[in-house]
Amino acid sequence: MEPVIDQAFAAALYSDGDAGLDAGASLLAADPGADAELFRRGEEFVRRAWERGWQPADVVRIVRRELGESAAGLAADLIIPETGRYEQLPPRWRSQLDELPAPPPRNRPDRFSYASALLGLYRLLLRLPAIEPVGPPPGAGHRLHLPPAHDEPRMLTRIRALLAKAEATGFPEEAEALTTKAQELMARHSIDEALLAARTHSKEAPGACRIGVDAPYETAKAILLDAVASANRCRAVWNSDLGFSTVVGFEPDLEAVELLYTSLLVQGTAAMAKAEAGQRAGGRKRTKTFRQSFLMAYVHRLGARLASDTARVTAASASDGAADGDLLPVLAARDVAVTDAADRMFPETTSTRVRGVTDGEGWAHGTAAADRARMGERRPGIDGSR
């Protein structure tokens, strides 16, 4: 006779709708002896996801989006023991594991509901498509060039602290000055790393990472990430169906993109909420079109400023004489390497049509918010700068 777990899987995993899940969950709920094998099979599904290019944060993100927070906890409960099998994990995995949601208790009185939730999760894991790998799966060796694990450089610690202060302050001018200083440090750190790699004849090649781009207003968020990536000499490719962008670049620049994008998104969201509150206080209702227009204006203005600021810092560094004329050729070579790596990973990309802006006040408020978050000028008195 076919084992209960195989009967349950046949009913639930290879069909659509709730009827199959209910049938499979009923079989599993009636057989506590299948619990260990049920969990082992789940770890196997997670392992297959690694082989198809997924990483822990990717799996949790898609599970949370499709099935909710409780299912994300169930996924974490599978990921933790599965990744514990390996002596060494690929770069970035440890930080992703540290941010997993808390797993739920396994011994639940309602066995049917628990089994149904697990089967729904397994159905999703089984159907995950293959995606472009941004690093090797655990235990497979380094098939792509990736930097070795290392402690965070002191410069990035300073940048992280500046952006955290910018997000926390209630004073726009202070947030602007803090973010300006952080962007300047990022640009200079990138230049220093590029020159060091050239002078030591480093074999470092571009890597990649994935960053979640979640609803709502995911188009505006993807455009913001693209602007931040471009300003930091990276390329971003958005997968709208799966809810993330893949950013290709050299490791110091990837770290800068993650930090700055997250901070600007936090600042923009807070500014949008404040603008909406002011509009409501004036007796005017604000809608989705206001928020969409706000964010598109915020992204449009920030993108232009980021590009301008990067060019300014690069020109200033080249004219300092410290680079001995090497800087611009070095940066050009790295730009070519990043473009080539992105083209190899994504040989076919398409453009996305952006909806027109329909709320003028939203656009005006978003533009003003971007100006307050700008990164073009140095301000005295922040973090000891002069």
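## Close-up views of the predicted model

**View 1. Cys-209 is a buried residue, with a relative accessible area of 3%.** Buried here means under 20% relative accessible area, exposed means over 50%, and partly exposed lies in between, with a 1.4 Å probe and protein chains only. The model is predicted, so local features need pLDDT of at least 70 and side-chain atom pairs count only at pLDDT 80 or more, whereas totals for chains, interfaces and linings use all residues. Residues are numbered from 1 along each chain as its sequence is written, and side-chain values use heavy atoms, with hydrogens and water left out. The structure holds zero disulfides, a disulfide being a pair of cysteine sulfur atoms within 2.5 Å. For Cys-209, the nearest cysteine sulfur is that of Cys-234, 7.7 Å away. Cys-234 also counts as buried, at 5% relative accessibility.

**View 2. Trp-50 and Trp-93 form an edge-to-face aromatic pair, one of six aromatic pairs in the whole structure.** Rings of Phe, Tyr and Trp (its six-membered ring) pair if their centres lie within 6.5 Å, and planes under 30 degrees apart count as stacked, over 60 as edge-to-face and the rest as tilted. The two centres are 4.8 Å apart, with 70 degrees between the planes. Trp-50 lies in helix 3 (residues 35–51) and Trp-93 in helix 6 (residues 93–98), so the pair ties together parts that are 43 residues apart in sequence; helices are DSSP runs of H or I with at least four residues, strands are runs of E with at least two, and both are numbered from the N terminus. Trp-50 is buried at 3% relative accessibility, and Trp-93 is buried at 1%.

**View 3. Trp-54 and Phe-244 pair edge-to-face, at 6.5 Å centre to centre and 85 degrees between the planes.** The pair links distant parts of the chain, with Trp-54 in the loop between helix 3 and helix 4 (56–67) and Phe-244 in strand 3 (residues 244–249), 190 residues apart. Trp-54 is buried, with a relative accessible area of 1%, and Phe-244 counts as buried at 2%. The charged end of Arg-210 sits over the ring of Phe-244, 5.4 Å from its centre, where a charge sits over a ring if NZ of Lys or CZ of Arg is within 6 Å of the ring centre and within 35 degrees of the ring normal.

View 4. Ala-227 and Gly-303 are 76 residues apart in sequence and 5.0 Å apart in space, C-alpha to C-alpha, and Ala-227 is buried, with a relative accessible area of 15%.
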